[in-house]
Amino acid sequence: MAKTIVVKQIGSPIRRPADQRATLVGLGLNKMHKTRELEDTPSVRGMVNKISHLVEIIEERD
């Protein structure tokens, strides 16, 4: 079983650059306080790091 992380959107994309909004949509987030369970890959980690001010990692699962 692959490792996963649970990501929650904590910030609004209003008045943010278009690439940050697109990164949120790419992670499957588009509304405040929405959570997603994503596979823990370097590409997903990079997306989370890019918008770390808009999301938080709630949990890391094995």
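Modeller: A residue is called buried under 20% relative accessible area, exposed over 50%, and partly exposed in between, using a 1.4 Å probe and protein chains only. Glu37, with a relative accessible area of 44%, is therefore partly exposed. Of the 62 residues of the chain, 29% count as buried.

Biologist: What should I keep in mind about the model itself?

Modeller: This is a predicted model, in which local features need pLDDT of at least 70 and side-chain atom pairs count only at pLDDT 80 or more, while totals for chains, interfaces and linings use all residues. Residues are numbered from 1 along each chain as its sequence is written, and side-chain values use heavy atoms, with hydrogens and water left out.

Biologist: How many helices and strands are in the chain?

Modeller: Helices (H or I, at least four residues) and strands (E, at least two) are DSSP runs, numbered from the N terminus. The chain has two helices and three strands, and from the N terminus on these elements run β-α-β-α-β. The radius of gyration of the chain is 11 Å, close to the 11 Å that the globule rule gives for 62 residues, so the chain is as compact as a globular protein of that length. Here the radius is taken over C-alpha atoms, and the rule is 2.2 Å times the number of residues to the power 0.38.

Biologist: How many salt bridges does the count come to?

Modeller: A salt bridge is a side-chain nitrogen of Lys or Arg within 4 Å of a carboxyl oxygen of Asp or Glu, and by this rule the count comes to five. In one of them, the side chains of Arg61 and Glu37 meet at 2.8 Å, N to O. Arg61 lies in strand β3 (residues 55-61) and Glu37 in strand β2 (residues 35-39), so this pair ties together parts that are 24 residues apart in sequence.

Biologist: Which residues are linked with Arg61 in a network of salt bridges?

Modeller: The network links Glu37, Glu59 and Arg61, and within it the side chains of Arg61 and Glu59 meet at 3.3 Å, N to O. Arg61 is partly exposed, at a relative accessible area of 31%, and Glu59 also counts as partly exposed, at 36%.

Biologist: What does Glu60 form with Arg45?

Modeller: Glu60 forms a salt bridge with Arg45, their closest N and O atoms being 3.5 Å apart. This pair links distant parts of the chain, with Glu60 in strand β3 and Arg45 in helix α2 (residues 42-50), 15 residues apart. Glu60 counts as exposed at 52% relative accessibility, whereas Arg45, at 24%, counts as partly exposed.
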